[in-house]
2 protein chains.
Amino acid sequence: MLEKVNHIAIAVPDLAAAIATYRDTLGARVSAPQALPEHGVTVVFVELANTKVELLEPLGEASPIAAFLEKAPAGGMHHICYEVDDILAARDRLAASGARVLGDGNPKIGAHGKPVLFLHPKDFLGTLVELEQV
Amino acid sequence: MLEKVNHIAIAVPDLAAAIATYRDTLGARVSAPQALPEHGVTVVFVELANTKVELLEPLGEASPIAAFLEKAPAGGMHHICYEVDDILAARDRLAASGARVLGDGNPKIGAHGKPVLFLHPKDFLGTLVELEQV
């Protein structure tokens, strides 16, 4: 069911400082920041040869990563996103196994314009898992 | 400097249950467990098309992931490993920038038989970063 790791997301309190860390200290290629007010984040992508790291900074009043950064003010690994071929088939298989899909169970259009679902960390080894149909 | 994401490591309290989650629930290919007593862990790899996820269970009395699992008993994302071409050049560049390399600053032979270094999470957005020369 899982194909590739689409991205690993890291929540950060200060995107400019995070960009400097990845671009200048670690020598990676980093995309231009994109504000996504409908998702409550500003994002950049660290572009590796085989996948990418998404750096997320809270945007607006009700950012979905605000609570995470309250617990981890310096930042930290927030979720891992796997690509699937068929997100509805994946959801149905997961629901049948008893795993919890977050929200109302219907895919939303994610930050990359593709259908995504998030899975409950308690069912996946303490890790927030995103599935993206590519 | 950073080339590929070699792996994303997830610390887990129960490797058999974690294997079942990734293999049976998520439908991924999972390697056979390897006990690495010199590293204090038993590992399996979840083999994705472009990278891998390393599931780590503590092994022995002084496992380096025991403290992590005390704080996160259900498990959680533990580190991210990037490939570099030249680990000594990478270390020297990082040290010159003021970033902290863990241990004595000399690469160790990691769980995959290759030279590795770990970087201080406080210098990298709350994320433990491993560099591996491949």
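Predicted model: local features only at pLDDT ≥ 70, side-chain atom pairs only at ≥ 80, totals over all residues.
Local features were considered at pLDDT of at least 70 and side-chain atom pairs only at pLDDT 80 or more, whereas totals for chains, interfaces and linings use all residues. Residues are numbered from 1 along each chain as its sequence is written, chains are lettered from A in the order in which they are written, and side-chain values use heavy atoms, with hydrogens and water left out.

The contact (heavy atoms within 4.5 Å) takes 41 residues from chain A and 41 residues from chain B. Together the chains bury about 3,300 Å², of which 68% lies on carbon and sulfur atoms; buried area is the accessible area (1.4 Å probe) lost when two parts are put together, summed over both. Leu26(B), Met77(B) and Leu125(B) supply 23% of the area that chain B buries against chain A, more than any other three residues. Between the chains there are 13 residue pairs in polar contact, both at pLDDT 80 or more. A polar contact is a pair of N or O atoms within 3.5 Å; within protein, one must be able to donate a hydrogen and the other to accept it, and residues adjacent in sequence count only if both atoms are side-chain atoms.

On the side of chain B that touches chain A, two or more residues each come from strand 1 (5-11), helix 1 (15-25), strand 5 (52-58), strand 6 (76-84) and helix 3 (87-96). Helices (H or I, at least four residues) and strands (E, at least two) are DSSP runs, numbered from the N terminus.

Gly27(B), which follows helix 1 of chain B, has a positive phi near 65 degrees.

Helix 3 of chain B buries Ile87(B), Ala90(B), Arg91(B) and Leu94(B). The cover over these residues includes helix 1 (15-25) of chain A as well as strand 6, strand 8 (115-119) and strand 9 (129-133) of chain B. At the start of helix 3 of chain B, a side-chain oxygen of Asp86(B) comes to within 3.1 Å of the backbone nitrogen of Leu88(B).

Definitions and conventions
Buried < 20%, exposed > 50% of the residue type's maximum accessible area, 1.4 Å probe, protein only.
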